[in-house]
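Trainee: Please give me a close look at one part of this model. Then show me what surrounds that part.

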Amino acid sequence: MRYITIALTKGRLAKKTLELFDRFGITAEGSMDSGTRRLIFENEELGIRFFMAKGPDVPTYVAYGAADIGIVGRDTILEENRKLYEVLDLGYGKCRMCICGPESARPLLEGGAQIRVATKYPRIAKDYFLNKKHQTVEIIKLNGSIELAPIVGLAEVICDIVETGATLHENGLTVLEEVCPLSARVVVNQVSMKLENERISAIIRGLKEALEA
Ligand code: PRP
């Protein structure tokens, strides 16, 4: 039997997702061990294997068919913009993509000023300002701790994920506009969806039922 390969986003999302799979009887030995450094976990009997990847790489693995299924945040799906089927909202990992900055930056978003926007998500930021707001901005790509940018004067605002709002609050920043809601999603390779329809549909059904239970 051909393995169905499932790419998980390393970290909290993987842990939650493995627990969900476990609830409808899909487990792989060692995958729930805390502190393990192994990247691949197989269940030979079920013909299923999981592997752990960095979030932005999950859509890549799925698009190329190296994984049939991927579990990844909607932020990453939008940013990577790969050809995939998005089939299920898992409802966890909930947060929001927002434009944030000091309160004093608010008029800059209303007046259509030429501003700089720092972000880990240049595609999402560009799409929002260009297509939704029709505002010309300069996008500056950063790799983390985005909240620093307006504080030290790299950019007027940021486009970033807000979960609890604690990071913003502790750094004297605030949400100025909401771009879109986010959560963990299930994506499927387009060829796998045809060739392995029965097994993949059963997995999606299992996930849905486990979520509802
Ligand atoms: C994310 C995000 C915010 C923070 C939001 O960063 O970029 O900085 O979490 O969460 P909060 O609203 O609950 O404070 P992450 O911790 O993933 O690290 P990063 O700064 O390296 O991107």
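Mentor: Start with open space. In this predicted model, the largest pocket has a volume of about 1100 Å³. Its lining has 41 residues, and the closest to the pocket's centre are Arg12, Asp75, Lys120, Tyr121 and Ile161. Find those five and you have found the middle.

How is such space found? Rolling a probe the size of a water molecule over the atoms shows where empty space is left.

Helix α3 (residues 74–80) gives the largest share of the lining, five residues. Helix α1, strand β4, strand β9 (157–162) and helix α7 (166–170) each supply at least two, as does α3. Sort the lining residues by class and you get 15 nonpolar, 13 polar and 13 charged.

Next, the second largest pocket. About 420 Å³ of space lies there. Its lining has 18 residues, and Gly11, Ser31, Asp33, Thr36 and Met52 are the closest to its centre. Here α1 gives the most, with five residues. The classes are six nonpolar, five polar and seven charged. Note that α1 also supplies at least two residues to the lining of the largest pocket.

How many of its five residues are buried? Five of the five, residues 69–73, so β4 is largely enclosed by the rest of the structure. Buried here means under 20% relative accessible area. Look at the two faces of the strand. Ile69, Ile71 and Gly73 point one way, Gly70 and Val72 point the other way, and all are buried.

What lines up with β4? Strand β1 (residues 4–9) runs parallel to β4, and three bridges join them. Alanine 7 has glycine 70 of β4 as its bridge partner. Strand β11 (residues 184–188) runs antiparallel to β4, with five bridges between them. There, isoleucine 69 stands opposite valine 188.

Now to the packing. In soluble globular proteins, nonpolar side chains tend to be buried together. Here the largest nonpolar core has 28 residues, and Ile6, Leu8, Phe50, Ile69, Leu90 and Ile203 have the most contacts inside it. At least two residues of this core come from each of β1, α1 (12–23), β3 (48–53), β4, β11 and α9 (197–212).

Phenylalanine 50 is then in contact with Ile6, Leu8, Leu18, Phe21, Ile26, Ala28, Leu39, Ile40 and Phe41. A second, separate core has 19 residues, including Met97, Ile124, Ala125 and Cys180.

Finish with two loops. Go back to α3, then step past its end. Asparagine 81 lies in the loop between α3 and β5 (85–89). Its phi is near 50 degrees, a positive value in a residue other than glycine. Most residues other than glycine have a negative phi. Histidine 134 also has a positive phi, about 50 degrees, although it is not a glycine. Histidine 134 sits in the loop between α5 (122–132) and β8 (137–141). Is histidine 134 buried or exposed? Its relative accessibility is 65%, so histidine 134 counts as exposed, since the cut-off for exposed is over 50%.

Methods. Residues numbered from 1 in each chain as written. Predicted model: local features only at pLDDT ≥ 70, side-chain atom pairs only at ≥ 80, totals over all residues. Heavy atoms only, no water. Buried < 20%, exposed > 50% of the residue type's maximum accessible area, 1.4 Å probe, protein only. Helix = DSSP H or I, 4+ residues; strand = E, 2+ residues; numbered from the N terminus. Pairing = 2+ DSSP bridges. Core = buried A, V, L, I, M, F, W, Y, C linked by side-chain atoms within 4.5 Å. Contact = heavy atoms within 4.5 Å. 1 Å grid on protein atoms, 1.4 Å probe; cavity = no way out; pocket = protein on both sides within 12 Å on 5 of 7 lines; lining within 4 Å. Points joined across faces, edges and corners; volume = space filled by probe spheres on them. Nonpolar A, V, L, I, M, F, W, Y, C, P; charged D, E, K, R; others polar. Lists of a residue's contacts leave out its neighbours within four places in sequence.
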